[in-house]
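This briefing sets out selected features of the structure shown below.

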Amino acid sequence: MAQVRILWADDEIDLLKPHVLFLEQKGYEVATINNGSEAVDMVKDQYFDIVFLDENMPGLTGLETLQLIKENDPTLPVIMITKSEEEHIMEEAIGSKISDYLIKPVNPNQILLSVKKNLDKSRLVSEKTSSGYQRQFQQISMQLMDKMDADEWAELYRKLIYWELELEDSEDKGMLEVFSMQQSEANNQFVKFIKDHYLDWLNGNRKAPIMSHTLLNEKVRPIVETSGEAPVFLFVIDNLRYDQWKVLQPKVSEMFRVEDESMFYSILPTATQYARNAIFAGLMPTEIQRKFPKLWKNEDDEGGKNMFEADFLESNLKRMGLDVKWSYNKITNLNAGRKLVDNFGQLKTNKLNVVVYNFVDMLSHARTEMEVIKELADDSSAYRSITQSWFDHSPLLDMMRKASEMNARVIITTDHGTVRVEDPIKVVGDRNTNSNLRYKAGRNLDYNYKEVFEVRDPADAFLPKMNVSTQYVFSTGKDFFVYPNNYNHFVNYYRNTFQHGGVSMEEMLIPFVSLVKK
């Protein structure tokens with residue numbers, strides 16, 4: 001490894017000779033100078049890894065020198081050292097993007113710590129993260145061997161996402177591979193858990209967690225009832241995974257404090273047609289079909305499958321006894337988002353405002369169909385990154401800012417998540433079988449029952465029958481369905497794309513976040 005080079009500029013540099021010798025004994029090369037002008041010239045002519053800069057020098061002040069150094073190399077770490085503790089000097093230095101701020105007199109260990117913090121941070125954090133996950137690995141493995149309930153699975157998934165986000169910035173790629181294998185094993189065990197419990201939840205044979213059709217009554221209604229004069233905004237971001245919420249959280253936290261961050265279970269299929277309609281109706285699909293026969297659309301019906309969410313919501317609010325003024329808006333493109341931002345003030349007088357935002361769902365589909373998006377969102381890390389970039393510049397963020405200005409209560413949730421599929425499994429169905437890669441609904445389906453979660457009688461899962469022999473099968477983990485004809489083409493086309501509809505932690509364990517203004 002090349003020797004680290006430090007430039008230290010201080011008009012009393014001779015008095016700091018012991019500090020310089022200390023750093024040199026630690027293996028650093030230190031160049032010294034006693035004024036800002038020569039420091040600027042040296043940075044232009046030579047390479048340095050880090051600069052120590054006295055704030056109070058004759059001629060060019062430390063702040064003036066800092067500005068010129070940053071103009072030459074914005075990425076060069078600069079540590080400001082000063083006798084002054086005046087707040088405006090600290091603020092100006094921090095605003096000029098210093099890397100650290102030390103108050104004289106400084107001791108050698110302070111200097112060494114600042115160097116390590118700025119130059120060795122990535123390595124030190126990586127080592128700390130890897131050792132932390134190593135300690136957690138065995139504990140997680142033991143949990144996977146235990147019988148967990150729905151809440152414990154949600155907590156385990158939260159823990160896995162924490163380590164995924166920590167490890168993705170780590171230099172230890174081997175540890176990330178170990179994590180990936182443990183995550184796959186967790187999904188395998190989660191699939192077994194769902195196979196054992198899902199139908200019992202729906203039919204009252206086991207205590208059910210909060211699910212799509214109970215979400216509004218159990219989580220949203222109490223917030224509306226206790227929010228006082230404040231309006232409530234419910235943002236349903238289609239297809240938002242828990243890990244995607246975690247990368248959006250820092251920007252949201254600039255405006256809001258997280259009051260409740262939890263997860264609920266999407267119903268099956270984990271697809272918009274079923275899960276989002278269930279959220280707004282407060283009913284399972286067959287119950288919606290029975291109550292709204294003219295509004296529910298089956299797989300083989302023509303027309304949009306989520307065209308009547310406002311009607312379902314209105315009926316649900318009445319059943320819950322929420323006699324409040326409300327609004328519903330669905331955003332499917334940039335112009336619609338901007339238009340709602342422009343008219344956002346009109347929503348202030350509503351007690352409940354529901355905004356469905358479809359960007360993440362569109363991103364998922366675009367990633368499948370457009371080569372350039374595939375390259376931009378090649379894996380889960382990149383998928384999160386592009387979601388974060390969109391959010392930072394989106395009308396949705398503007399809406400949240402305006403909601404904050406109204407002192408509104410804000411809820412962020414979704415209808416289902418999505419999983420990156422890798423492993424094809426064969427299925428055969430007739431021409432009326434639906435095209436979703438993660439679940440199939442039809443008659444005379446041919447598949448390997450060991451590879452899927454099958455629901456032979458749709459009534460058990462409160463799912464509609466298109467005919468008397470309709471059945472549903474769900475792919476699990478990272479599997480996806482492919483028909484035998486033109487098999488290799490479709491395997492190559494859809495492998496490593498993000499899909500939804502089936503059984504995985506990523507699709508079923510989804511975020512519910514309530515926020516209050518800071």
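A residue is called buried when its relative accessible area is under 20%, exposed when it is over 50%, and partly exposed in between, with a 1.4 Å probe and protein chains only. The model is predicted: local features need pLDDT of at least 70, side-chain atom pairs count only at pLDDT 80 or more, and totals for chains, interfaces and linings use all residues. Residues are numbered from 1 along each chain as its sequence is written, and side-chain values use heavy atoms, with hydrogens and water left out.

**Overall dimensions and content**

- The chain holds 20 helices and 18 strands; these are DSSP runs (helices H or I of at least four residues, strands E of at least two), numbered from the N terminus.
- Of its 518 residues, 55% count as buried.
- Taken along the principal axes, the C-alpha atoms fill a box of roughly 90 × 55 × 40 Å.
- Among contacts (heavy atoms within 4.5 Å) with a separation of 6 or more, 74% come from residues 24 or more positions apart.

- Strand S9 (residues 352-357) is mostly covered, with six of its six residues buried.
- The burial applies to both faces of S9: Leu-352, Val-354 and Val-356 lie on one side, and Asn-353, Val-355 and Tyr-357 on the other.
- Strand S6 (residues 232-237) pairs with S9 in the parallel sense over six bridges; two strands pair if DSSP finds at least two bridges between them.
- Within that pairing, Val-236 has Val-356 in S9 as its bridge partner.
- Strand S8 (residues 326-331) also runs parallel to S9 and is joined to it by six bridges, and Trp-326 has Leu-352 as its bridge partner in S9.

**The five-stranded parallel sheet**

- Five strands form an open sheet with parallel pairing, in the order S2-S1-S3-S4-S5.
- Strand S2 (29-33) and strand S5 (100-103) are the edge strands, each pairing on one side only.
- Neighbouring strands of this sheet are turned against each other by 20° on average, direction ignored; axes are lines fitted to C-alpha atoms, for helices over the stretch in contact, and angles run from 0 to 180 degrees between N-to-C directions.
- Strand S1 (residues 5-9) is joined to S2 by five bridges, the two running parallel, and Arg-5 stands opposite Glu-29 in S2.
- Helix H3 (residues 62-72) lies across strand S3 (50-54) and strand S4 (78-82), and runs at about 175° to S4.

- In helix H1 (residues 17-25), the buried residues are His-19, Val-20, Phe-22 and Leu-23.
- These residues lie on the same side of H1 because they cover an arc of only 160° around the axis, the arc being that of the directions from the helix axis to the C-beta atoms.
- An α-helix has 3.6 residues a turn, so residues three or four places apart point the same way.
- On the other side of H1, Pro-18 and Gln-25 are exposed.
- The buried residues of H1 pack against S1, S2 and helix H5 (108-119).
- Just after H1, Gly-27 takes a positive phi of about 100°.

**Helices H17 and H18**

- Helix H17 (residues 380-392) packs with helix H18 (residues 395-405) at an angle of about 55°, their axes lying 6 Å apart.
- H17 is therefore oblique to H18, on a scale where angles under 35 degrees count as roughly parallel, over 145 as roughly antiparallel, 65 to 115 as roughly perpendicular and the rest as oblique.
- From H17, Trp-390, Phe-391 and Asp-392 meet Leu-396, Leu-397 and Met-400 in H18.

**The three-stranded antiparallel sheet**

- Three strands form an open sheet with antiparallel pairing, in the order S13-S15-S14.
- Its edge strands are strand S13 (439-442) and strand S14 (452-455), each pairing on one side only.
- The twist averages 15° from one strand to the next.
- S14 and strand S15 (residues 471-475) run antiparallel and are joined by four bridges, with Phe-474 in S15 as the bridge partner of Phe-453.

**Surroundings of Gln-143**

- Gln-143 has its place in helix H6 (residues 121-145).
- Leaving aside neighbours within four places in sequence, Gln-143 is in contact with Met-148, Leu-156 and Lys-159.
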